[in-house]
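Let's take a look at a protein chain and the ligand that goes with it.

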Amino acid sequence: MKKRVLVVDDEEGIRLLYKEELEEEGCSVELAASGEEALKRLEASSIDLVLLDIKMPGMDGVEVLRKIKEKWKDLPVILCTAYPHYKQDFGTWASDAYVVKSSDLRELKEKIKDILQRKA
Amino acid sequence: MGYDILSRVIELTDSDFALDVKLRKVAGLLARQLPVDGCEVYLWDRKDRRFRATAHGRGGAVEAYGEKQGLPGRVKKTGRAIEVSKKDPESCRGGGVEDMGLRGFRGAMVYPLRDGKEWYGVLYLKTERKSLLPGRRKKMIGVISKQIASSIKSERNYVRLRNAYNKLKDLQVRLVNAEKLMALGELSASLAHEIRNPLVSIGGFAARLRKKIEPGSPHLPYVEHISKQVTRLEEIINDILNFAEHREMKLNVAEVNAVVEDALWLFEEACHNQKIKVVKALSKEPMPVVADAHQLKIAFDNLIANAIQSMEHGGKLTVRTRRENDLGVVDITDSGGGIEPGIIGNIFNPFFTTKKTGTGLGLTITHKIITRHRGVIDVANDYGRGITFTVKLPCTDARGTLPPGGERGMKSSIAGVLAP
Ligand SMILES: Nc1ncnc2c1ncn2[C@@H]1O[C@H](COP(=O)(O)OP(=O)(O)OP(=O)(O)O)[C@@H](O)[C@H]1O
Ligand SMILES: [Mg+2]
């Protein structure tokens, strides 16, 4: 069965890009443009992995991460950000992986593969 | 005539000459214009507690008097002018005081140079004649002494003021630098967000397009150009962020000699092409440090790159390492002429460059990396010849524990001036 990935990012271009690329990798992809929307999606459908942008207007990624981990303890989350130094910030430790955004998606795809395999 | 002298003294003390020049001119003037045969100014040296001969018009002078010695000592004690005359010009004794300066003279007058409690020195007039000056003249010399004292005072105040001003200016420069660095940190953080996200889209979709374009299509190079430029921009952002943000350091035990050797290796060809002789004197003793070897190498890369860039027409690059107790020390010396002293204070500032193609971040990054490793950089600038950058890093024991309090109060310095 196809793995279901939820992409949470406030930028439309990035949502579209991730969707197309991940579908090519054989995932089924859902999109959310904000933290609030992401949480709603998670309630409504079963998801295997979340790609979460940190810097978003409204509820930011770290907050969304906390809420996800409260409710769905075992749901893997990959944090994506433009800032490498977020790595050290408290709060991000709870994520399963951390990726600095890049136009080269290989690292991201590898992490996704890793995590989904580990889960299987 | 008396007032004539006074007005000329005032003119001299008000002039722009340096203090010792002024005093010499005044002493010369008095020696010429008054019926005296010697005129000396002694300045009180507070540290040594001595009067030192600073100026004399005509004749030699005793070089210095102790606090209680001779006529100056007597004047200091009583706080008032003193006047002595004696029968035998060859004796050194006058007015009950022994003073070598009296030999060969018949009489002397010594005036205090002071302002309230503050002592500046004495004005010492000597004569070979029997008679001393008439009372009217004495009064005038009293006034002249006051004028000299007040000119010394204002000179000292001026020096104090100038020092204070320089200190303030220095502080301000450093504050501005700190601000610049902070601004850079903020700037780069927003840069990262504002630019990195669009770049992900541009580069990501370019890559998708590339997959769709048939191999051999004339459109392929267009897309490849887009991808390449995006990668380049992303690298620039990474560079700036790496230095601006406290990137997590990947700490391991690294051997300084090996890191230096690695860095040098990179420049072998450039040195060969530019006819730069490389002298490598690496320490036989091990120099293990707890470090992010990659970052440390960047620091040395920058220093070596600068050295090589300073020797466009050849020269000598010397890289020396040595163990100094628990410090690993690396000297990188070039023969590229050094840095103009007027700008050396700026070299660690972000974006300071004198090069057409420099970004001016090389030394800023180097400084940051070395400081993060609890080390320091010293700069010894031999302007006209070359420059030596010295990096000192705290060595570790073999277990790789960070030595406690690595800085040990060490501070980076530019030839004695503290680096930002
Ligand atoms: N070895 C040296 N000899 C002479 N001048 C030097 C040397 N090292 C640094 N400088 C001076 O200090 C300036 C700042 O150096 P820095 O490495 O920070 O920037 P840059 O070399 O100009 O540019 P970048 O390293 O970013 O390409 C240089 O432009 C140069 O004027
Ligand atoms: Mg440089």
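## The chain as a whole

Keep in mind that this is a predicted model.

What is chain B built from? You'll find eight helices and 17 strands in it. Of its 420 residues, 44% are buried. Now take the contacts in chain B between residues at least 6 apart in sequence: 64% of these join residues at least 24 apart.

## Where the ligand sits

Now for ligand 1. The space it takes is the largest pocket. Three elements of chain B each give two or more residues to the shell around ligand 1: α7 (293–309), α8 (362–372) and β15 (386–394). Which one gives the most? That's α7(B), with three residues.

In total, 20 residues surround ligand 1. The closest are B:Asn306, B:Thr353, B:Thr354, B:Lys355 and B:Thr359.

## Up close with the oxygens

Some of these neighbours come with distances you can check in the structure. In B:Thr354, a polar side-chain atom lies 2.4 Å from an oxygen atom of ligand 1. The side chain of B:Asn306 has an N or O atom 2.8 Å from an oxygen atom of ligand 1. With B:Leu363 it's the backbone that takes part: one of its N or O atoms lies 2.8 Å from a ligand 1 oxygen atom.

How much of ligand 1 does the protein bury? On its own, ligand 1 exposes 590 Å², and the protein buries 90% of that.

Conventions: Residues are numbered from 1 along each chain as its sequence is written. Chains are lettered from A and ligands numbered from 1 in the order in which they are written. This is a predicted model: local features need pLDDT of at least 70, side-chain atom pairs count only at pLDDT 80 or more; totals for chains, interfaces and linings use all residues. Side-chain values use heavy atoms; hydrogens and water are left out. Helices (H or I, at least four residues) and strands (E, at least two) are DSSP runs, numbered from the N terminus. Buried means under 20% relative accessible area, exposed over 50%, partly exposed in between (1.4 Å probe, protein chains only). Contact means heavy atoms within 4.5 Å. A residue is near a molecule or strand if one of its heavy atoms lies within 4 Å of it. A polar contact is a pair of N or O atoms within 3.5 Å; within protein, one must be able to donate a hydrogen and the other to accept it, and residues adjacent in sequence count only if both atoms are side-chain atoms. Accessible areas come from the Shrake-Rupley method with a 1.4 Å probe; for residues, only the protein chains shown count as cover. On a 1 Å grid over the protein atoms alone, a cavity is a set of points where a 1.4 Å probe fits but cannot get out, and a pocket is an open set with protein on both sides within 12 Å along at least five of seven lines; lining residues have an atom within 4 Å of a point. A molecule sits in a cavity or pocket if more than half of its atoms lie within 2 Å of its grid points.
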